Amino acid sequence: MKRVTIFRFFLVVLALALVACGGEGEEDGHPIYLMGADGLLSATFFENVGEDGLGMYFSGPGQPSTGAYSDFVSKYEERYGEGPIQSFHARAYDAANMVFDAIEAVAEVQADGTVVIDRQALIEAIYTTEHQGLTGTLRCNEFGDCASPVIAIFRYEDLEGGVEGVLSNVQRTFDFEASESGVGVVPAAPAGYSVGQVTIEPGAPIEIATLQAISGAVTNLGTDQVRGVEIAIDDRGGTLLDHPLELSMNEDDLCSSEGGTTGAQRIIANTQIVAVIGTSCSGAGVPASEALSEAGILVISGSNTAPVLTATGYFSDEGPQQGEAWSYGYFRTAHNDEFQGRAAAQFSTEDLGVTLAATINDGDPYTQGLTGAFGGSFAEFGGEVGLATAVGAQQEDMRSTLTEVEASGAEILFFPIFEPAGNFIVLQARDVALDPISE
Amino acid sequence: MASLTEIVRNRFNTERINWITIVFWAIGIISIVLIAWGSFNSITSGRLTGAQWRDLIVFGLAQGGVYSLIALGYTMVYGVLGFINFAHGEVFMSGAMVGFFAADALNSAGLWNNQPLLSLLIVLMVSMITSTFVAVLLERVAYRRLRNAPRLIPLITSIGASFFLQYTFRGLFGAGINSYPRMAALEGFINIFGLRILRSQALVIVAAVVMLIGLYLFVERTKAGKTLRAVAEDKEIAALMGINVDRAIVLTFAVGGAMAGAGALLYSLVFRQVYFFTGFFPGIKAFTSAVLGGIGNIVGAMTGGLTLGILETLGPSLVLAGFDIPAFTQLKDVVAFLALVLVLILRPTGILGERLSEERG
Amino acid sequence: MSQATKQAVESGLPRPEKEIVLNQTGELNLAEALKWGGLGGLAAIFIAAIGMMEAFDERVLIQPVLTLSYAGLGLIPFIFGYLTAKPPPSIEGMPPVKAGLHHLLAAGLTGILAGILLSLFVLLAQAVNLRDIFVNISPRTLDILTFEQETTLALILLIIGGGVLGLLGGLIVIIPEQWRRPVVSALTWTLLVGLLEVLFQPLLRGLNLNFVDNILFSPFGGLKQEGALVVFVVAFAIYTVMERREGIFSQRLAGMSDREKRPYLYAGIVVLVIVLGFLPIVGGVFISEVLDLVGIFLLMGLGLNIVVGYAGLLDLGYVAFFAVGAYVTAVLTSPTSPAWSPELTFWAAIPFVVLAAALAGILVGTPVLRMRGDYLAIVTLGFGEIARLLFQSEWLVPYVGGAQGILSIPNISIGSFEAQTPPQLFYPIAAFVLIAIYVSWALKDSRIGRAWMAMREDEPVAEVMGIDIVQAKLSAFIAGAVLASFGGALFAAKIGSIFPRSFDIIISIQVLVLIIIGGMSSIPGVIAGAFIVIGLPALLREFSEFQFLIYGALLIYMMLQKPEGFFPAKERMRELHGEEMLQDDWLKSREAADQETPAAAPDHNPDTG
């Protein structure tokens, strides 16, 4: 058959299909709330979506509002020439300070100024720590969750405000009382745990390391936290126990399990590293925490939120159980996503009054965990998740997915994903007769 | 009365029917059955209204339009030189990125929304010139000397060129995502025959069709086009006939690049976000379209592009949803690639068949 | 037109359309200098604009004078100066051109021109804020380019520096042959040792050669100046000796028959095993980690080498097999794998891994049986993506864990020995690699190996010669799949948890790049490729940022100049450079014939010559 003939045949089929569909489209858009999460609380997101994103909600870590925090922000701006670029800087700052306080508490200072730090004692000190930080009172439980889980729901209403504007526009704060269970309890160390000490000669620096995502699409997430750590060091005058205090290794976790492993091994090879502030991404955190734990190195993360790293089941009847990827000596000052999912769900049902939701994740362990937590809590509050679907992280055309969202009749779309996928969803929502609520 | 085996043999040009042929037939039949069953379930479940199905088809067409334009570059180069130019996705991306700077500048100068037609034309020129330049540069630097090398070599060169361009753009312009400014003139919908289409998508479909017709006429009716076809047929004989083969090949790359540049602008209007990685997946999809439609011919690129666009957009909602697969929208690429595999199994030369003669294999 | 051409035209011959001028005389070739100078300047500007200068500035090669950024910057006029001064290859029948002073001057000119271009760029960058568009032209980059001096002084330095380096590059051409290699090699080694401090330092410490470490390396990073001198001198000495002795050694080697070579071969293998055995201990934790990664990719490289190198099937979806191996291992060994967790040991899971890989190989191989080279590439790429998407999908969460992956994969254990730390993991990985090397080597000369190569050369002809193409293709896919799946299994056990994100298309590309750069179908080539492509970025973070840029450029360059790779297999060389090799052989035989019968001068008829 001649080529052009086949093509014409193809066109005819196409036309017939279009006609067969028939039906008039709705003229009015179907109103829907849009809610993202901390992955999109990045400076560049707001620059990219502009007006289209107005009215959107975000769940994320509660930003402290104390005087100490505004001092911190001023220091940040002075040192780096811009405001905070993501939302976890304060948690990294608190993590670093917890480490410094613990070092001061357990270090043995000898007559000539040599400092000896017993690794296990350091870790045990964190388990029994109560620390007043920028983000509130930090008390670690036996699972490693140290943050008092404060989740805030923010809203984007100020077009010029950027991410700072959003972070200061809090709609509601959820202060889940940290369950008292397990606080101050030191879990049993793994069998055969013997990890020795770090000896720091007089004049030599006390070294810590960061393992954060400092390259790639999520570079803001990691860089923001490294800066928090650097400010913490500055605030101590760069010294601790009369030794210089140094961030001597700044490793990249590549937001992936291989990156986390390689970075962790690099750190382990340096026997002078006392503690690690990291990782950025939970996917990197799983293997990194395991490796660092085996080497006896204290790890505190300012942004890992996947429940499996510490404990799951905070809202279940039996209470929290040790997470599958729990490691001795791994802590975090960021919230556990079970709380974030619950906060998002509670806000949606109580404040926005919706009962039918659609969720979209992007195949990343953090986003998938979060939509799962949301879905579970949403059901508990009497709602229903009509469509729980996913898109590819590199996907550009979201319209078919959004059509399904429209078809499901959802009143809220919860999509805790990252750029650029998140941007496409916001930009294309109106194309499919969805009317994101912006008032 | 020819026996069944002889009919089948003649139809498929194979010497023997063996288990492979049977397997392929089985795959084909099972696939068709599954597709029909899934579609039936989806449609009858009433999950989507007729209007929504129609919308999906239109979205697919717009997406396909962009793929078609990019696919042209692939198909023309393959037709003339016989290898996949992996870096063509980056030719597309370069047009989109540089076009962004032009659009941004126009926006700052207030022209973007006040003079939409002029702005679009300017950005179109910028985009097309950039893409053409990159394509021609590629040919000159990387591919010219490899004309007679075994086929694998220029292919690998093109993979290298693809990465080099991607990371060059990343290094020069950063890894951040750049957003084209909104154009008020393209907001909202337009009504054609009772169909409600986005204005930007209507523009894409119309522009793609116009460009393709233009290109088709160019290749079939003009003298330069005839040169290209001659060179595609047989380089050596064409040279003997007095055709400057080098110039013809440069022209091929240039035209393919220009089409990609136009596609870049259309893509940017529909999707608005571009960054250094923007060309990678559309490039792969575009090449898939070219193969799907039958590589080496222009009508094939268009057919393949539109088909792939529709399959991708409609496929999961139509077929996969019918089997109650959770999160079926995640699997649109799976549908696209499976479609490619199926088509190539059942019709190895693509839907419209190849332009090249069989012996060139 | 040159003199010769003028004469020819006057005597009646038609005007040539294009004239190739052989610079066989000693004129100062301005055109060459301009070309290389221009390119050099552009290259330097490019490197600055993409941020390489800034990133490379962190790495100190020689404390405190030479960072990687300045080394890279300086290498540009040096290399381009060398290229300008290099005399054209000697044409058959004409006397070789000796490099003279004019070549040196041209080289210097190249350097100066490059310096001028770079200076113009610096002036532009300082006058106009380019950062809005070109985000990596940071103040730090400009500081580096101006040597942190005032602008005028800096520009003078750039231009003069460029000229001097260009001259030095040209000097390399002038140096007599026997000294050239030692000088260049010594320089290269000095820079390399400074660059790979991260590799050499732990090795020296591990071997208890701390005093060498103290002599060479500075505590602030990089070589000490004295250390650099030491390395230079030592390398120079070694290479000089090698120059003298080289011919003798290789002649002796060529002279020995295979049987005589065998004791050397066995000795070599024993030495290798001992070295491998001690390497992780000597190298330390981080080096072992790098070696583990290299080992896993090497396994995959050997597998892809069979598919692409031996059988000529361009598989761009190779990561699918890697993923299959990893997931099968995870599902069978992890106590928390969804749906079904038999909790087998690693070794008990291996047979199932092989089975799954074989099935995957057949699954991928069957649809592509009748596809040609380029279609094969895109379809296999599609399969690779399909695999990753399916593993990541919500649909298959009950079986493979979806985006959350599978955690708690137990370590490899042999009896009571558990391979937990990187040095411990090295041994099972090395064991698999050695087996894979042996299998690849054995397959190469086997019947199926030859069938693959025949198929790669010309499929229709091979088919006519009686080779079962179906069997050949499927067996190639299966062999490649099995090796990749071993890599996947080791990966899963090593990291202890797998997420679908790890199985991205970029891995297929990385494996392809490593076998191409090393040398396709050559086993030493694949090994070298793995170290270069995987080892280097893992060791040096600056490289991991720009690795794909460098690999892209390297691939283009290599396909143009050296498509057989850096460590090619002999047949490959013959395939790709066949004509040149034939010509060389013919020339050599002519020389030999000339020497034997000096009286019988060949008839120099230009028409038949």
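## A strand pair at a sheet edge

Strand 11 and strand 12 (residues 243-252) of chain A run antiparallel and are joined by 2 bridges. Strands here are DSSP runs of E with at least two residues, helices are runs of H or I with at least four residues, and both are numbered from the N terminus. Two strands count as paired if DSSP finds at least two bridges between them. Within this pair, L240(A) is opposite H243(A) of strand 12 of chain A.

The model is predicted, so that local features need pLDDT of at least 70 and side-chain atom pairs count only at pLDDT 80 or more, while totals for chains, interfaces and linings use all residues. Residues are numbered from 1 along each chain as its sequence is written, and chains are lettered from A and ligands numbered from 1 in the order in which they are written.

## The sheet in chain A

The pair belongs to an open sheet of 6 strands in chain A, with the order 11-12-10-13-14-17 and mixed pairing. Strand 11 (239-240) and strand 17 (330-332) of chain A are at the edges; each has a single partner strand, so one side of each has no neighbour in the sheet. Strands of a sheet pair through backbone hydrogen bonds, either parallel or antiparallel.

Helix 8 (residues 257-269) of chain A lies across strand 10 (206-212), strand 12 and strand 13 (273-278) of chain A. Helix 8 of chain A runs at about 150° to strand 12 of chain A. Such angles run from 0 to 180 degrees between N-to-C directions, with axes fitted as lines to C-alpha atoms, for helices over the stretch in contact.

## Two domains in chain A

Chain A is assigned domain 1 (28-87 + 151-178 + 334-439) and domain 2 (89-143 + 182-332); the bounds come from an automatic or database domain assignment. Taken over C-alpha atoms, the centres of domain 1 and domain 2 of chain A are 28 Å apart.

Between them, 28 residues of domain 1 of chain A are in contact with 31 residues of domain 2 of chain A, where contact means that the C-beta atoms, placed from the backbone, lie within 7 Å. On the domain 1 side, helix 3 (67-80), helix 10 (337-351) and helix 11 (365-380) of chain A each supply at least two residues. Helix 3 of chain A gives the most to that side, with 7 residues. By class, the domain 1 side has 16 nonpolar, 6 polar and 6 charged residues. Nonpolar covers Ala, Val, Leu, Ile, Met, Phe, Trp, Tyr, Cys and Pro, charged covers Asp, Glu, Lys and Arg, and the others, Gly among them, are polar.

Chain C has 25 helices and 4 strands. Of its 609 residues, 46% count as buried, a term that requires 20 or more other C-beta atoms within 10 Å of the residue's own; 12 or fewer make a residue exposed, anything in between partly exposed, and C-beta atoms are placed from the backbone. Among contacts in chain C with a separation of 6 or more, 76% join residues 24 or more positions apart.

Contact between the two chains involves 25 residues of chain C and 25 residues of chain A. Helix 12 (258-310) and helix 23 (541-561) of chain C are the elements giving two or more residues to the chain C side. Helix 12 of chain C gives the most, with 4 residues. The chain C side has 9 nonpolar, 11 polar and 5 charged residues.

## Helix 14 of chain B

The 15 residues of helix 14 of chain B should span 21 Å at 1.5 Å a residue, and the end C-alpha atoms are 21 Å apart, which agrees. The expected span is 1.5 Å times one less than the number of residues.

In helix 14 of chain B, 12 of the 15 residues are buried, so this helix is largely enclosed by the rest of the structure. Among the buried residues are K332(B), D333(B), F337(B) and I345(B). Their cover includes helix 12 (399-408) of chain A, helix 2 (19-45), helix 12 (280-293) and helix 13 of chain B, and helix 15 (373-392) of chain C.

## Backbone exceptions

Two cis peptide bonds are listed here for chain A. One joins G278(A) and T279(A), with omega about 0°; T279(A) lies in the loop between strand 13 and helix 9 (282-294) of chain A. Another runs from E419(A) to P420(A), with omega near -10°, and P420(A) sits in the loop between strand 20 (412-414) and helix 13 (421-428) of chain A.

In chain B, R272(B) is not a glycine but has a positive phi of about 65°. R272(B) is in the loop between helix 11 (245-271) and strand 4 (273-274) of chain B, and counts as buried with 26 C-beta neighbours inside 10 Å. D324(B), also not a glycine, has a positive phi of about 55°. D324(B) is in the loop between helix 13 (298-320) and helix 14 (332-346) of chain B, and is exposed, with 11 other C-beta atoms within 10 Å.
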